[in-house]
Amino acid sequence: MPDSAAASPTIPAQAFFDVDIRVGRVVSCEDFPDARSPAYKLTIDFGPLGTSRSSARLAALYRPQDLVGRLVIGVVNLPPRQIGPVRSEVLVLGAYRGGTRAVVLLRPDSDCEPGDRVG
């Protein structure tokens with residue numbers, strides 16, 4: 001959710017290093033009409049890690065056809081969350097544009113392979 005401009009409390013560096021952040025490629029994107037906020041159901045290829053499903057609130061800025069084939073950044077070692085009928089296995093990362101709920105996807109600046117680690 002959008003947050004104030006204030007920074008979060010300091011955490012130990014190891015807490016960040018324990019987060020497994022990877023590059024993935026969206027292989028399918030479907031509307032998620034059961035979601036409380038406009039969202040999509042994504043299937044993302046993480047290369048040697050396999051594919052994972054995610055629910056992502058991206059409908060404000062993206063159309064499904066614009067997402068398929070796109071590289072994204074996701075956290076792959078969080079426990080799955082049940083979001084309505086969808087089991088979300090990965091957290092796709094984005095920035096809240098201008099403090100709104102509109103999410104702009106984070107992605108590599110140049111081509112990477114699915115499964116590449118972010119650090």
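Isoleucine 11 lies in the segment before α1 (13-17); helices (H or I, at least four residues) and strands (E, at least two) are DSSP runs, numbered from the N terminus. The model is predicted: local features need pLDDT of at least 70, side-chain atom pairs count only at pLDDT 80 or more, and totals for chains, interfaces and linings use all residues. Residues are numbered from 1 along each chain as its sequence is written, and side-chain values use heavy atoms, with hydrogens and water left out.

Isoleucine 11 counts as exposed because its relative accessibility is 55% (exposed, over 50%; buried, under 20%; partly exposed in between; 1.4 Å probe, protein chains only). Ile11, Phe16 and Phe17 form a nonpolar surface patch. Together they have about 340 Å² of accessible area (Shrake-Rupley method, 1.4 Å probe; for residues, only the protein chains shown count as cover). Patch residues have over 30% relative accessible area and no salt bridge, and nonpolar side chains are joined within 5 Å. A salt bridge places a side-chain nitrogen of Lys or Arg within 4 Å of a carboxyl oxygen of Asp or Glu.

Strand β1 (residues 21-31) pairs antiparallel with β4 (residues 71-75) over five bridges; pairing requires at least two bridges found by DSSP. Glycine 24 has valine 72 as its bridge partner in β4. Six bridges join β1 to β2 (residues 40-45), also antiparallel. Here arginine 25 is partnered by aspartate 45. Two bridges link β1 to antiparallel β10 (residues 117-118).

Serine 52 belongs to β3 (residues 51-56). Serine 52 counts as buried because its relative accessibility is 16%. Beyond neighbours within four places in sequence, serine 52 contacts Leu42, Thr43, Ile44, Phe46, Glu89 and Val90 (heavy atoms within 4.5 Å).

Key: Patches are made of residues with over 30% relative accessible area and no salt bridge: like charges are joined within 9 Å, nonpolar side chains (Val, Leu, Ile, Met, Phe, Trp, Tyr) within 5 Å.
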